[in-house]
Protein chains: 2
Amino acid sequence: MIIPVIIAGGTGTRMWPASRRALPKQFAPLLGGNTLFQDTLMRLSGERFDAPCVISNEECRFIARDQMGAVGIHDARHIVEPLSRNTAAAVLTAALAHQSQPDAVMLISPADHVIRDTAAFEAALDVAMPRAEAGEVVCFGVIPTHPSTAYGYLQVDRGSDASVQTVAEFVEKPDLATATELLGRGHSLWNAGLFMMRVDTALNAFRTHAPDLMAPCEAALSLGGEDLGFHRLSRDAFKRCRAIAFDRAVMEKLPKCTAVSLDCGWADLGSWSALRDHQVDTPGGNALLGEVEAIECRNSLLKSTNPDMALVGLGLDGIVAIATDDAVLVADASRSEEVGKAIEVLNARSAPQAEEFPRCHRPWGYYETLSLGARFQVKRIVVHPGQKLSLQSHVHRAEHWIVVEGSALVTVGEEEKLVTENESTYIPLGAVHRLENPGKLPLALIEVQSGCYLGEDDITRYEDIYARDAEEEVA
Amino acid sequence: MIIPVIIAGGTGTRMWPASRRALPKQFAPLLGGNTLFQDTLMRLSGERFDAPCVISNEECRFIARDQMGAVGIHDARHIVEPLSRNTAAAVLTAALAHQSQPDAVMLISPADHVIRDTAAFEAALDVAMPRAEAGEVVCFGVIPTHPSTAYGYLQVDRGSDASVQTVAEFVEKPDLATATELLGRGHSLWNAGLFMMRVDTALNAFRTHAPDLMAPCEAALSLGGEDLGFHRLSRDAFKRCRAIAFDRAVMEKLPKCTAVSLDCGWADLGSWSALRDHQVDTPGGNALLGEVEAIECRNSLLKSTNPDMALVGLGLDGIVAIATDDAVLVADASRSEEVGKAIEVLNARSAPQAEEFPRCHRPWGYYETLSLGARFQVKRIVVHPGQKLSLQSHVHRAEHWIVVEGSALVTVGEEEKLVTENESTYIPLGAVHRLENPGKLPLALIEVQSGCYLGEDDITRYEDIYARDAEEEVA
């Protein structure tokens, strides 16, 4: 049995506007259907796998949980990082969390890569498994198809078995000349960021090569605690960790490291043009995702994330166009790695589209604004079964709730009542109230707020089952 | 005093997705702020002008009236064409409507052109006025800046006065070679579609050159009738008119026609690239409209019609990108005249974006859908002061109304009540009800519908102050 350790703490914004700080790449539905995080979970589930260990940041913990639930995974060990410390601390924390099973084998995997050929991937795991069980550190190397400057390389020694080789050197993302030279020399693989080793092998490697990380990671785990099914790391302890990549801190320093070749349609989708190249599916070299139409276009990526938003390309060549509910990016494909500039200019004018997402995930479900006027706001609110919002009141706004799916248990002052589909209720300004979904199905309601100030921070919270920090903005 | 006759019946869709069949070019806010129709009205108002005569089609009559009201014009004579018969019939109908003032001077003007320099335009009117008063037919010719193939030309004879010349020939939109030759020869002006003449001059010209139009247009006016302030033409009579342009039917056949030169920043915005060329306002040759950002772009048009929709261009050259609430067009600027292809492909899959618009104008105001789910729909409804919806009921849906601005007089069954800001009411399935704005300010409400069928055609109408046809879909 392999323990999948899924590193999902990244804040990938290279796929803006479909990914943002509030919805990193791994959690965005980039290819339609499941997210890359969900695809990763599914790929690493089944009879050869134990329950996964997922590491996410704090802001995205409920998104991650919702997305796991949506693909039927309810038994994950979910570690929450209070701040980002790169991958070395994440891998070590996962190993420490499993130290009671020293000879269990972990598969460390990014959450935001794609693999087309699952059978080939599993065959590679079969090759790696006995090596890992025998105490080796195994990394996976993708057979390169072109001299990419977007990936690190594994320079390997020629071995007797073509599929298992020894890593001679880790090469950082090279320039084009170096990448071309590496490819010419042969024996170079792309570093896929996938690693397999036993728990004790990992702990020993850290003790030897990155000993300074041991104490703060151990403290982060032991001083942290269970909270609503998450294992939250201690912020004070975790922030003392050195922020360094696992490759840098450990892999490059190992005296011996085994590389297993991967030929499985792997890609890390590091930019929109990379996604286009991975997804190309029409004769003209276009990649089309969602409600889009390409009229006499070539080499272009057209993507609409909303089925009610039609995107039409006309006579385009080498253009990337991404339409979302509140932002559209149109870029020359060769410039799509510079999407950070879009985020910068939007941040400079405090546009919410730079980092926020229209749908806000909360411990109890999510909400999205449908309409915002001068003195009113209309939201759609979805509450998961069994969840409830905090007991709260507002100084500046009254609220109307109309249940459109499921049933709501509504508390207003001393009164408690069940409001079901097509019924409504009214929360006067100042009234202490609570919303709860007592049912087995999701509760969806339309909230119409009215008042002179409608900010999320007009809230006084009296009781909250989610023990949220006062600083967290929560509806 | 000049009577402005504003021809606003066009169905211009060349600016899709900002213009559509349901919101033709002249009524779309193309440049931000006022629409071209409103700009035309404002240009043709003031002390030298009488109340305007506006000719629109039936579908757009309430949009036209709303847009007139928004710029303070309440005294227009508004003729409604039950079907399209091109401009000759429209001009003749306007002349017939004013035949009691035979020596009044009309200025025939399209509703969808831009004129930058109003003072120069007015100076040209001053030159034309005495000619028109003396019984001449005056047309206005724009001094060409390039050999355009998008406009018709007036070939003029050299006159003693450079600003007043005689038209020798009307030239249809030429090919590039002909346009270049015309420009080289000199004495060519673009036909701006603007004409000035007395009412009796127009009637005589029609009697002589297009006599077949007289009887059906006279019948269309006399058999039509006043309806809520509109003068509706008789459908049966009007459909017998030959569909032909005024230039073709009359102007080209006149033995003598005077041309006044116009040098006033005129453009007809016939395509997105024409709009870009007219609007260019940045060093890189970009035209930017609305919440847009151009990062290292050149020769591109970026336009967002919604302040909550951010559009970002990155590294573009010669691209047109137009973002609206429900559709985005991204086109090579040199292909922007082929936007009809986008409408075709969307029509082929019955996408509403091809022809419809999210905001639906009705006699009493307008509505737009904010959210549409499996068993619910959320709409924002605005009712103009003094207006009321029909007395109606629905078989399949119940409705919740929450007033967010103004006051509503609501009738449900026998009961009538006033619902004011922040109050709500409920219309059970099957209940006969009516919504009315008894106030002096607009009434805005949020409607939440629930039920198994939410189509606009689930309506039984018992009484309607707007005398609408049964076939009209009306909320």
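**Before you start**

Residues are numbered from 1 along each chain as its sequence is written, while chains are lettered from A and ligands numbered from 1 in the order in which they are written. Because the model is predicted, local features need pLDDT of at least 70 and side-chain atom pairs count only at pLDDT 80 or more, whereas totals for chains, interfaces and linings use all residues; side-chain values use heavy atoms, with hydrogens and water left out.

**Stop 1**

Colour by secondary structure and you can look for eleven helices and 30 strands in chain A. Both are DSSP runs numbered from the N terminus: helices are H or I with at least four residues, strands are E with at least two.

Now colour chain A by domain: domain 1 covers 2-267, domain 2 covers 272-348 and domain 3 covers 359-463. These bounds come from an automatic or database domain assignment. How far apart are the C-alpha centres of domain 2 and domain 3 of chain A? They lie 36 Å apart.

**Stop 2**

Most residues other than glycine have a negative phi, and most peptide bonds are trans. Select Trp16(A) and Pro17(A): the peptide bond between them is cis, with omega near 5°. Pro17(A) sits in the loop between strand 1 (2-7) and helix 1 of chain A. In chain B, the bond from Trp16(B) to Pro17(B) is cis, again with omega near 5°, and Pro17(B) is in the loop between strand 1 (2-7) and helix 1 (36-43) of that chain.

Next, pick Leu228(A). Leu228(A) is not a glycine, yet its phi is positive, at about 55°. Find it in the loop between strand 10 (225-227) and strand 11 (230-232) of chain A.

**Stop 3: helices 1 and 2 of chain A**

Select residues 36-43 (helix 1) and 61-70 (helix 2) of chain A; they pack at about 50° with axes 10 Å apart. Axes are lines fitted to C-alpha atoms, for helices over the stretch in contact, and angles run from 0 to 180 degrees between N-to-C directions. The angle makes helix 1 of chain A oblique to helix 2 of chain A (under 35 degrees counts as roughly parallel, over 145 as roughly antiparallel, 65 to 115 as roughly perpendicular, and the rest as oblique).

Show side chains: Phe37(A), Gln38(A) and Leu41(A) of helix 1 meet Ala64(A), Gln67(A), Met68(A) and Ala70(A) of helix 2, where contact means heavy atoms within 4.5 Å.

**Stop 4: helices 3 and 7 of chain B**

Move to chain B and select helix 3 (residues 86-97) and helix 7 (residues 214-223). These pack at about 60°, with their axes 10 Å apart, and are therefore oblique to each other. Which residues of helix 3 of chain B meet helix 7 of chain B? Ala89(B), Leu92(B), Thr93(B), Leu96(B) and Ala97(B) do, facing Met214(B), Cys217(B), Glu218(B) and Leu221(B) in helix 7.

**Stop 5: helices 1 and 2 of chain B**

Finish with helix 1 and helix 2 (residues 61-70) of chain B, which pack at about 50° with axes 10 Å apart. Show Phe37(B), Gln38(B) and Leu41(B) in helix 1, which meet Ala64(B), Gln67(B), Met68(B) and Ala70(B) in helix 2.
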